[in-house]
Amino acid sequence: MKSSPVQRAVGVALGAAVLQLVMIIAFSWPAVRSEPRDVPIVTAGPQAAAVAQRLDRERPGAFEVTTVADEAAARTALTEYDAYGAIVTTPAGPRVLVASAASPAVSQQLTQLAQRLSDARPGAPVQDVVATDADDPRGSGFGSLALPLIMSSLAASALIVFGVRELAGRAVALTSFAVLGGLGSAWLAQGWLSVLPGSYLAVASVMGLAILAVAATIVGLAALIGRAGIGLGALTFLLLGNPLSGAASAPELLPQPWGELGQLLPPGAAVTLLRSVAYFDGAGSTGPLVVLLGWTAAGLVFFGLGGIRSRGQDETEPGRREPAMAS
């Protein structure tokens with residue numbers, strides 16, 4: 001039984017309304033529910049154990065505290081991207097070390113915490129061991145990089161699928177876009193916007209790999225299952241990956257296990273890897289690098305399977321010809 005034009009129109013409107021609600025939830029819910037959850041920090045000094053117990057008592061579940069030998073070890077934990085902050089106890093009172101480059105949001109919360117750690121006034125002194133770029137002290141510029149990087153990769157994927165028919169041509173387009181996009185995005189981020197320090201080639205390589213991971217997956221899905229692959233990839237990376245990336249906060253501030261899931265998707269992995277190469281000399285880069293390479297490999301596998309399927313259809317239907325693209 002065919003539906004009437006009115007029924008189809010209502011159905012489309014209902015689907016659009018549901019999609020709107022999903023998008024609002026996806027982008028707003030992580031921010032509204034943002035709070036510390038097992039944020040890794042370290043303590044050092046003669047009262048380190050007492051400070052850890054106090055934090056666990058006052059903020060249960062907020063921090064994952066590790067005790068280290070001394071202040072030097074605490075600083076190493078920050079510079080190697082193993083912790084967001086440190087509390088160093090001394091006879092004169094506690095001192096707080098932060099790494100705002102790892103997360104300005106966590107750094108701000110640890111700075112507020114420092115005001116409550118000392119019975120004297122003012123509160124415990126705070127030192128930023130690994131600071132954000134001087135031109136982006138709050139990290140807002142860095143936090144805004146993820147969404148346009150992913151959206152441009154989605155748009156480019158659609159252009160490649162609809163504009164390049166041959167699989168070999170799509171492979172060339174993917175590679176070229178990743179290289180050019182990485183070089184151009186890094187130039188904007190480091191040059192004109194000035195929100196990222198570090199090696200230009202290293203930052204460009206990370207951005208290019210992130211672009212390739214997203215675009216290769218979507219183009220591969222389109223080759224394997226058709227145009228629906230574009231929608232599937234867009235929903236996964238835009239509605240899940242971007243809000244859960246932790247770009248503007250930190251994975252440990254997001255509701256769990258969603259923060260952990262976000263690090264398994266290209267947006268979250270790209271953000272973490274960018275922080276690693278820009279601020280921490282590559283420390284902590286193995287995990288996110290493996291994630292991005294894994295998504296890229298999966299996209300290439302989808303791409304290859306799509307090519308095999310296409311050749312199989314051509315062999316079983318020798319008279320079948322693909323319709324020409326409308327000019």
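Which residue in strand 4 is the bridge partner of Ile 87? Select Val 96: that's the one. A quick note before moving on: this is a predicted model, where local features need pLDDT of at least 70 and side-chain atom pairs count only at pLDDT 80 or more, while totals for chains, interfaces and linings use all residues. Residues are numbered from 1 along each chain as its sequence is written, and side-chain values use heavy atoms, leaving out hydrogens and water.

Now colour strand 3 (residues 85-88) and strand 4 (residues 95-98), which run antiparallel and are joined by four bridges. Strands here are DSSP runs of E with at least two residues, helices are runs of H or I with at least four, and both are numbered from the N terminus; two strands pair if DSSP finds at least two bridges between them. Six residues separate strands 3 and 4 in this hairpin, and Gly 93 in the turn has a positive phi of about 125°.

Next, select strand 5 (residues 126-128), parallel to strand 4 through three bridges. Look for Leu 97 opposite Gln 127.

Zoom out: five strands make an open, mixed sheet in the order 2-1-3-4-5. Strand 2 (63-67) and strand 5 are the edges, each pairing on one side only.

Last stop: Met 207, in helix 8 (residues 200-225). Met 207 counts as buried because its relative accessibility is 2%; buried means under 20%, exposed over 50%, partly exposed in between, with a 1.4 Å probe and protein chains only. Show Ala 186 too: 21 residues away in sequence, its C-alpha is 7.0 Å from that of Met 207.
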